[in-house]
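Morning, everyone. I have one model to walk through, and I will keep it short. Please look at the structure first.

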Amino acid sequence: LQRCVFSASSVTNRRFTMRYTSYDAGSSTSSPTGWKGLLSTALVLLALNANAGIRAVLLSHGGEGCFWMLFAMTVVNPSPLLPEKFWGFLCPLYVVCWAMCTFALRIFGNPMVLFESGWRWMTSTYSLFTIAVFFSALLHISLTFILNIWPITVQNVPSLQRFKIQKNKKPATAEQWYHVFLHIFASQLLVQLPLITGQYYFMKYFNIPYSYDTMPGFWSVAWRLVASLIIEDTWVYIGHRALHHPRIYKYVHKVHHIYQAPFAPDAEYEHPVETVVLGIGFFLAAMTFTDHLMFLWSWLYVRLLVTYDSHTGYDLPFSLFRWLPGYNGAREHDWHHEFFNGNYAPTFVWWDRL
């Protein structure tokens, strides 16, 4: 009914204006890069640079500290928990956190040492089939739990409810979370596990390496991940729009739209046919850019981060994904769930604007 009420022009106009609509609680005048933030950041950097010992540690381990801090923030980003009056000082706070993380690595050692030991143990103990199939499935299940810790926290923190997009609807209940999780795990076992089995034959046929010594570097993985997002975004836009065709929607995609106000795990709540059809985009990107098992697992991690972020139902500030040009995020996709039209692309706004 709502889809019939809105004309094509109103749908188009609202789709492109909602991205820039301020929160109902009032838009913030604070900025992590305001003049106070920049001045404070400069003072902190000067203070850190004044000590030769601190400067040496930051120069030698600063890159590692930055990586691990940003990696942790992809799982839990506590920045929105700060009172809004302190948002202008987030930049110096980030610098201090980076310095603390760097010194922690200097004192306790780099976690990559444990990662290397675990990877070498895995590849020396288990076969390629076990690693490519069952370890991949185990990773997916584990990430489903881990990456939903923050969304559960968000919907239960009163100060963050002003960032909820559909304020007229209550946050998902424990029963709804349980229902969706049960559906997801059944899908991972009965639908996705057979699909994941294809990874073994793909890796074996193309002789994809999986040892620690052949693991690609950070920047090699990074640019492939961005390119994979673009490829997958294109496929899902076309497939998603096709699934909204009246002759198909009620049989397949309607399952995903049961919850008009989405929450994070709802991203994977879908009909098995949709899982297969839209999942082709994931595997197209994997087949194009995979040069190591590590990339496959990194691609899985990033894809889950993006899809959970767009389904949280909260337009939280300071999301790391906003660094990506053209990233759509929760506000655009939440609009799609509310009105069942427009904003079909999962990651970027380009295709919908065209």
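Start with the bend in α4: about 65 degrees, at H61. Bend here is the angle between two fitted axes, one for the seven residues ending at that position and one for the seven starting there. Helices are DSSP runs of H or I with at least four residues, strands are runs of E with at least two, and numbering goes from the N terminus.

This is a predicted model, where local features need pLDDT of at least 70, side-chain atom pairs need 80 or more, and totals for chains, interfaces and linings use all residues. Residues are numbered from 1 along each chain as its sequence is written, and side-chain values use heavy atoms, without hydrogens or water.

Back to α4. It covers residues 52–75, 24 residues. From first C-alpha to last it reaches 33 Å, close to the 34 Å expected at 1.5 Å a residue. That expected span is 1.5 Å times one less than the number of residues. Which residues of α4 are buried? V57, L58, G62, G65, W68, M69 and M73. Buried means under 20% relative accessible area, exposed means over 50%, and partly exposed lies in between, with a 1.4 Å probe and protein chains only.

Now α12, residues 272–289. Its 18 residues should span 26 Å, and its end C-alpha atoms are 26 Å apart, so the two agree. α12 also bends, by about 30 degrees at G279. G279 is itself buried, as are E274, T275, L278, G281, F282, A285, A286 and F289. What do these buried residues pack against? α9 (174–205), α10 (218–243) and α13 (293–310).

Next, cysteines. The structure holds 0 disulfides, meaning pairs of cysteine sulfur atoms within 2.5 Å. For C66, the nearest cysteine sulfur is that of C101, 8.9 Å away. C66 is partly exposed, at 33% relative accessible area.

Zoom out to the chain. It has 15 helices and 0 strands. Of its 354 residues, 46% count as buried. Take contacts, heavy atoms within 4.5 Å, between residues at least 6 apart in sequence: 78% join residues at least 24 apart.

Last, confidence. pLDDT is the predictor's confidence in each residue, from 0 to 100. The chain averages 87, and 90% of the residues score at least 70. Over residues 1–30, though, pLDDT stays under 50. The model has 44 contacts beyond four places in sequence for that stretch. Where pLDDT is low, predicted coordinates should not be read in detail.
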